[in-house]
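Let's take a friendly walk through one protein model.

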Amino acid sequence: MVHPRARLTEYAFDGLVGPTHHYAGLSSGNLASTEHAGEIGNPRAAALQGLAKMRLVRGLGAGQAVLPPHERPNLRFLRQLGFTGSDADVLSAVHKYEPGLLSAASSASAMWAANAASVTPSVDAEDQRTHFTPANLSSMLHRSLEAPTTTRILRTLFADSERFVVHDALPMHSGYSDEGAANHTRLVTSRTALHVFGWGRAPGVTLAPRKFPARQARAASEAVIRLHRLPAEGALLWQQSPTGIDAGAFHSDVLAVGSGSFLMLHEHAFVDGAAFVRELEARLGDELCVLVASEDELPLAEAVARYPFNSELVPLANGRLALLAPRESEEQPVTKAFLERVLAEPNAVEQVVYVDVNDSMRNGGGPACLRLRVQLSDDERAHVAGRVFFDAELDAALDAWVRRFYRDRLLQADLLDPKLLVEGRQALDELTTLLELGSIYDFQRG
Ligand code: SUG
């Protein structure tokens with residue numbers, strides 16, 4: 001068990017990009033997804049970009065681990081909808097019926113691991129275990145298919161029930177729609193730790209986006225707080241700004257990112273941003289450093305297009321942070337100027353590194369979307385099953401694995417190719433051996 005003051009190390013668990021990565025315009029309200037629909041995908045480049053980011057984080061001396069992709073196309077889902085015959089029959093019938101449905105069944109969206117689950121470190125939970133609730137992702141069809149496999153993966157890795165608990169995903173209902181850690185930030189000062197949950201809708205709340213869906217239900221965040229045994233004073237729920245959502249900020253991590261005692265956000269990230277910051281200051285004290293970009297400084301449209309707030313904040317050994325921003329935000333002067341202001345703030349971010357995750361960005365996933373933060377003590381880390389912690393050897397093995405199995409060109413029409421299904425299964429079968437995970441996929445379990 002964990003001592004309440006045990007030192008925790010943060011591990012970024014990155015979702016490995018799956019072999020079916022493509023652009024299908026599946027996420028209404030995610031402008032990049034809609035804009036790039038139908039473009040040629042390059043799963044190999046996307047996966048290699050992901051590995052390069054992990055290599056960079058590890059090179060900074062920070063904790064890095066991987067989560068495997070899910071099996072796609074998802075034949076179980078398609079058969080559940082009444083498509084029958086051989087796998088090839090199912091794929092061609094679905095494609096004929098509705099190509100978008102085949103895309104939904106084939107999306108590599110599990111790569112955006114920030115949406116995999118909500119996580120509470122053991123030091124913050126009343127029972128001193130690390131809690132995980134896989135996100136049900138019920139607001140988008142293609143993403144709603146992820147929870148069973150995510151649950152299985154997390155239960156495989158975090159099987160030690162003395163230290164970890166992986167809850168069931170919340171019920172698949174719009175009232176409990178849960179997007180995982182993409183709407184969550186843990187802030188810490190020497191006074192306390194505070195879990196901030198951004199939510200988009202709740203019964204009786206009339207302030208709501210008009211164009212795009214609000215994905216996170218407040219009741220879902222409340223359920224996570226109960227499940228994770230967070231004391232009431234350790235959590236703060238706040239509504240995402242409908243203006244932000246209607247401008248394309250479908251998760252709160254599109255307009256806000258925090259780590260430790262640092263938070264940066266856009267004024268349209270949350271409803272009544274000034275009151276939000278006052279509340280944080282009251283709870284966390286003077287050590288908290290909050291940087292707000294006003295609409296004048298950084299227009300919402302640029303913030304959504306360039307994703308500076310979806311930067312990955314990497315805790316460094318000296319207590320400061322590295323900020324991994326998407327390359328797109330370096331290329332736009334106003335956005336770059338904002339990040340330079342962040343860098344100039346004393347005692348928070350000591351370096352800004354621009355990373356190329358463009359193949360993910362074109363589907364609305366920046367650096368922060370690709371990772372799930374899990375804080376672990378050394379003892380807890382030693383009890384994580386499998387071989388998922390990223391070191392030079394795993395890096396080399398994964399790099400060779402991607403180059404061996406991944407295509408460098410993929411269009412929606414390729415998804416009905418039964419060879420793609422076979423290649424994908426071979427790749428995942430090999431991966432489970434590499435990561436020492438046993439049989440986690442349906443095709444391996446019969
Ligand atoms: O859920 N895109 C993802 C992007 C997730 C970003 N995650 C965070 N902000 N944490 C989504 O909208 C697009 C797939 C497509 O259109 O092919 C997609 O699912």
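Leu137 sits in the loop between β4 (130-134) and α6. Helices (H or I, at least four residues) and strands (E, at least two) are DSSP runs, numbered from the N terminus. The phi of Leu137 is near 50 degrees, a positive value in a residue other than glycine. Another loop, between β2 (63-67) and α3, holds Pro73. A cis peptide bond links Arg72 to Pro73, with omega at about -5 degrees. Most residues other than glycine have a negative phi, and most peptide bonds are trans.

This is a predicted model, where local features need pLDDT of at least 70 and side-chain atom pairs count only at pLDDT 80 or more, while totals for chains, interfaces and linings use all residues. Residues are numbered from 1 along each chain as its sequence is written, and side-chain values use heavy atoms, with hydrogens and water left out.

## A pair of helices

How do α2 and α16 cross? The axes of helix α2 (residues 43-59) and helix α16 (residues 392-405) come within 10 Å and cross at roughly 170 degrees. That makes α2 roughly antiparallel to α16 (angles under 35 degrees count as roughly parallel, over 145 as roughly antiparallel, 65 to 115 as roughly perpendicular and the rest as oblique). Axes are lines fitted to C-alpha atoms, for helices over the stretch in contact, and angles run from 0 to 180 degrees between N-to-C directions.

From α2, Arg44, Ala47, Leu48, Leu51, Arg55 and Arg58 meet Ala392, Asp395, Leu398, Asp399, Val402 and Arg403 of α16 (contact means heavy atoms within 4.5 Å). By class, this contact has 6 nonpolar, no polar and 6 charged residues. Here Ala, Val, Leu, Ile, Met, Phe, Trp, Tyr, Cys and Pro count as nonpolar, Asp, Glu, Lys and Arg as charged, and the others, Gly among them, as polar.

Three strands form an open sheet: 3 strands in the order β12-β13-β14, with mixed pairing. β12 (312-315) and β14 (349-355) are the edge strands, each pairing on one side only (two strands pair if DSSP finds at least two bridges between them). From one strand to the next, the twist averages 25 degrees.

Strand β13 (residues 321-326) and β14 run parallel and are joined by 6 bridges. Ala325 stands opposite Tyr354 in β14. Helix α13 (residues 333-344) lies across β13 and β14, running at about 150 degrees to β14.

## Pockets and a cavity

On a 1 Å grid over the protein atoms alone, a cavity is a set of points where a 1.4 Å probe fits but cannot get out, and a pocket is an open set with protein on both sides within 12 Å along at least five of seven lines; lining residues have an atom within 4 Å of a point. The largest pocket holds about 1,300 Å³ of space (grid points are joined across faces, edges and corners, and a volume is the space filled by probe spheres set on the points). Its lining has 49 residues, with Leu8, Arg186, Val188, Gly260 and Gln375 nearest its centre.

The second largest pocket has about 450 Å³ of space. Which helix gives the most to its lining? It is α3, with 5 residues. The largest cavity contains about 200 Å³ of space, and Ser27, Asn30, Trp112, His142 and Asn363 are the closest to its centre among 21 lining residues.
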